[in-house]
Amino acid sequence: WARLASIPAIAEVNGIHVDELQSRGISGVRLRLFSMREQQIIQGATRVICVTSGLREQVVQRYNVKPDRCIVINNGTDIEMFRPRLRQECLAQTDLNGETFNIGFVGAFQSWIDFEAMLQAAKRLCEQAIPVQLILVGDGPSYAEVAQRRNELGLEQVVRLVGRVPHNMVPVWLGAFDVCLAPSSGAYVQAIGKSSMKLFEYMASSRPVVASALPGESEIIVAARAGMLYQPGDDARLATHLAKLYQDPALREEMGRNGRAYVTQHHSWDRVAEQTEAVMKAAIQGA
């Protein structure tokens, strides 16, 4: 439509969808048609916006997009909706125990989320007599598998599966957590990197973050001094980080403040909009 109307077209790429479809077992004619369509859209765009540097490299190499037409703009968040909240009010609204160490995850239950490491880390903390509660908020293809694995590990009293919640309740759940988790694993995520909105929501809510050491998010957490990193699958290191944060409330507060300040400056939707507008202007001007 853009070509017919002789106007610039901007494509935003959040992932290589063909790879995602393959990981779900889709193949044959449907996959080939989708691949052709995705290639046509990306190659035909005047500018391509990617949410991570790794994804930009994939787009440049696989779709032969000129590097100067491919720009990285990370995701962002609503810093008014996701903001620091009174913990006691959040605990009351979510019915969580304020006496336990509440570590939480919010997001889609997908195959690339490192649920096994979270469950094993919770088990390790229990063995250290840390009064931990792992709260998993969300839904998705892996939900039943995670529930089964929780039961196999005997963590029914430790791990709470909340399921899907209304979007306006997500900030309340974050406000009730002591630490937020952003764990992922797998070759695909390692290749393209991550720029999940959950990370920016966590940080905007002044929550310290423990995340997988993956391209994209790792650099942000380090630059913001907003959390700790562990190698995907290393539940022992994840548990060590969580134990340290449990023992050091002041460090949790400091990381939370740092994260909020960093996201406010660099990753609000207003900031993302400004960057996107600049790309659009350059496309219009033919720069």
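These notebook entries record what I looked up in a predicted model.

**Entry 1. Ground rules.** I number residues from 1 along each chain as its sequence is written. In this predicted model, local features need pLDDT of at least 70 and side-chain atom pairs count only at pLDDT 80 or more, while totals for chains, interfaces and linings use all residues; side-chain values use heavy atoms, with hydrogens and water left out.

**Entry 2. Salt bridges.** I looked up the salt bridges (a side-chain nitrogen of Lys or Arg within 4 Å of a carboxyl oxygen of Asp or Glu). The structure holds seven of them.

I began with Glu152 and Arg149, whose side chains form a salt bridge at 3.2 Å, N to O. Both residues belong to helix α7 (residues 143-152), where they are three residues apart, about one helical turn. I take helices (H or I, at least four residues) and strands (E, at least two) as DSSP runs, numbered from the N terminus. Arg149 is partly exposed, at 26% relative accessible area. For this term I use a 1.4 Å probe and protein chains only: buried is under 20% relative accessible area, exposed is over 50%, and partly exposed lies in between.

Glu274 is partly exposed at 44% relative accessibility, and Arg271 is partly exposed at 33%.

Next I looked up Arg252, which forms a salt bridge with Asp178, the closest N and O atoms being 3.9 Å apart. This pair links distant parts of the chain, 74 residues apart: Arg252 is in helix α13 (residues 249-266), and Asp178 is in the loop between α8 (170-176) and β7 (179-182). Arg252 and Asp178 are both buried.

**Entry 3. Aromatic pairs.** I counted ring pairs of Phe, Tyr and Trp (its six-membered ring) with centres within 6.5 Å; planes under 30 degrees apart are stacked, over 60 edge-to-face, and the rest tilted. The structure holds five aromatic pairs. In one of them, Phe109 and Tyr143, the ring centres are 5.2 Å apart and the planes stand at 45°, so the pair is tilted. Phe109 lies in the loop between β4 (101-106) and α6 (115-127), and Tyr143 in helix α7, so this pair ties together parts 34 residues apart in sequence. Is Phe109 buried or exposed? Phe109 is buried, at 0% relative accessible area, whereas Tyr143 is partly exposed at 24%. I also noted that Phe105, Phe109, Phe115 and Tyr143 form one aromatic cluster.

**Entry 4. Pockets.** A pocket, on a 1 Å grid over the protein atoms alone, is an open set of points where a 1.4 Å probe fits, with protein on both sides within 12 Å along at least five of seven lines; lining residues have an atom within 4 Å of a point. A volume is the space filled by probe spheres set on the points, which are joined across faces, edges and corners.

The largest pocket holds about 950 Å³ of space. Among its 39 lining residues, Gly107, Ala108, Ser196, Met197 and Lys198 are the closest to its centre. I noted that α2 (17-23), α9 (187-192) and α10 (197-204) each supply at least two residues of this lining.

The second largest pocket has a volume of about 240 Å³. Its lining has 13 residues, with Trp1, Ala2, Arg3, Ala9 and Gly44 nearest its centre.
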